[in-house]
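The sequence and the structure are shown first.

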Amino acid sequence: MKIKLIRKIKQRIRDISNVWSVAGIRNVYVMAILPHFGSKSTRDIRRERKQQAILHYLQTNYQNLILKYTQKEEIPPASNQAPIWVCWWQGENAMPPIVQSCFQSLCSHAGNHLVHLITQENISKYVTIPDYILRKVQEGKISFTHFSDILRMCLLYEHGGLWIDATVYVSQPIPEKVFQEPLFTVAANIDTDNISQAKWMGFILGSSPQGVLCSFARELFFQYWEKENKLLDYFLIDYVISIASKFPILG
């Protein structure tokens, strides 16, 4: 119990430090303190205030980029040879048994679509990511969890196809219609505190090459990490998708 409490305290301190570093002291209370302190009756209100504050911050600081993408008018067509992307940084031989099982299930149900396993050794073969991002990953300023968010958007932007997290077990053939959609994800009818409200899932995402969503997210992540050294919120990718979902072409 004490260990769990200590971890929670450390996480709260990190949250405050991250928000202070990125959004300034004026946003610390609403983004990092308010959501975690208060009665159960005000929990939803406090959470919504945090989410709106983060959205406002991003919309204000990246308004030129948002304006650029609200004026997009077309999405490139889907490819019949769309690839499937999955990542295990240490390589297939280093996968734990459960991940090996998931990876094998994916390969067995991929149909005619090539499955590309992205690793530390071959990443440069498939995608271009700025050196400053790779450097910040090595320095620990960007966690691998968030780096995978950047990676999936870059892969889908450059090549299109379908991204699936390495821990997803595929129990049946992937329907071909998934690869024909200009943008694909899954939704769930569940209660969640996430800004996504389960209307999309980052662990499975499909797109045409240079699709609007992945193009926007990729460019925002590049701009964000060019100037920042800390992550504003663990679910930054979902805030970015939330903003993009309002674009006329995606709405």
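## Two buried residues

Thr-119 counts as buried, because its relative accessibility of 10% falls under the 20% limit. The model is a predicted one, and Thr-119 is placed in it within the loop between β2 (115–118) and α6 (123–126). When residues up to four places away in sequence are set aside, Thr-119 touches Trp-88, Trp-89 and Gly-91.

Leu-106 belongs to helix α5, which spans residues 97–108. With a relative accessibility of 2%, Leu-106 also counts as buried. Its contacts, not counting residues up to four places away in sequence, are Ile-84, Val-86, Val-115, Ile-164, Val-170 and Ile-174. Leu-106 and Tyr-169 are separated by 63 residues in sequence, yet their C-alpha atoms are 6.9 Å apart in space.

## The five-stranded sheet

The strands form an open sheet of five members in the order β2-β1-β3-β5-β4, and the pairing is mixed. Strands β2 and β4 are the edges, each pairing on one side only.

Strand β1 (residues 84–87) and strand β3 (residues 161–164) run parallel and are joined by two bridges. Within this pair, Ile-84 has Leu-162 of β3 as its bridge partner. Leu-162 in turn has a bridge partner in β5, namely Gly-206. The β3 and β5 strands run antiparallel, with four bridges between them. The pairing of β4 with β5 is likewise antiparallel and extends over two bridges; here Leu-183 stands opposite Ser-207 of β5.

## Nonpolar cores and a surface patch

In soluble globular proteins, nonpolar side chains tend to be buried together. The largest nonpolar core of this model holds 60 residues, and those touching the most other members are Met-31, Leu-58, Ile-133, Leu-151, Phe-216 and Leu-232. Helix α10 (residues 212–227) gives the most to this core, contributing ten residues. The surroundings of Leu-232 illustrate the packing: apart from neighbours within four places in sequence, Leu-232 is in contact with Val-19, Val-22, Ala-23, Met-31, Ile-54, Tyr-57, Leu-58 and Tyr-224.

Elsewhere, Leu-5, Ile-9 and Ile-13 make a nonpolar surface patch of about 290 Å². Of these, Leu-5 lies in helix α1 (residues 2–23).

## Salt bridges

Side chains of opposite charge can pair when their charged atoms come close. The model contains eleven salt bridges. Which residues are linked in a network of such bridges? The members are Arg-43, Asp-44, Arg-47 and Asp-193.

## Accessibility of the charged residues

Arg-47, at 22% relative accessibility, counts as partly exposed, as does Asp-193 at 39%. Arg-47 is not classed as buried because 22% is not under the 20% limit.

A further salt bridge joins the side chains of Arg-135 and Glu-139, with an N to O distance of 4.0 Å. Both partners count as partly exposed: the relative accessibility is 41% for Arg-135 and 44% for Glu-139. Neither value exceeds 50%, so neither residue is classed as exposed.

Key
Residues are numbered from 1 along each chain as its sequence is written. This is a predicted model: local features need pLDDT of at least 70, side-chain atom pairs count only at pLDDT 80 or more; totals for chains, interfaces and linings use all residues. Side-chain values use heavy atoms; hydrogens and water are left out. Buried means under 20% relative accessible area, exposed over 50%, partly exposed in between (1.4 Å probe, protein chains only). Contact means heavy atoms within 4.5 Å. A nonpolar core is a set of buried Ala, Val, Leu, Ile, Met, Phe, Trp, Tyr and Cys residues joined through side-chain atoms within 4.5 Å. Patches are made of residues with over 30% relative accessible area and no salt bridge: like charges are joined within 9 Å, nonpolar side chains (Val, Leu, Ile, Met, Phe, Trp, Tyr) within 5 Å. Accessible areas come from the Shrake-Rupley method with a 1.4 Å probe; for residues, only the protein chains shown count as cover. Two strands pair if DSSP finds at least two bridges between them.
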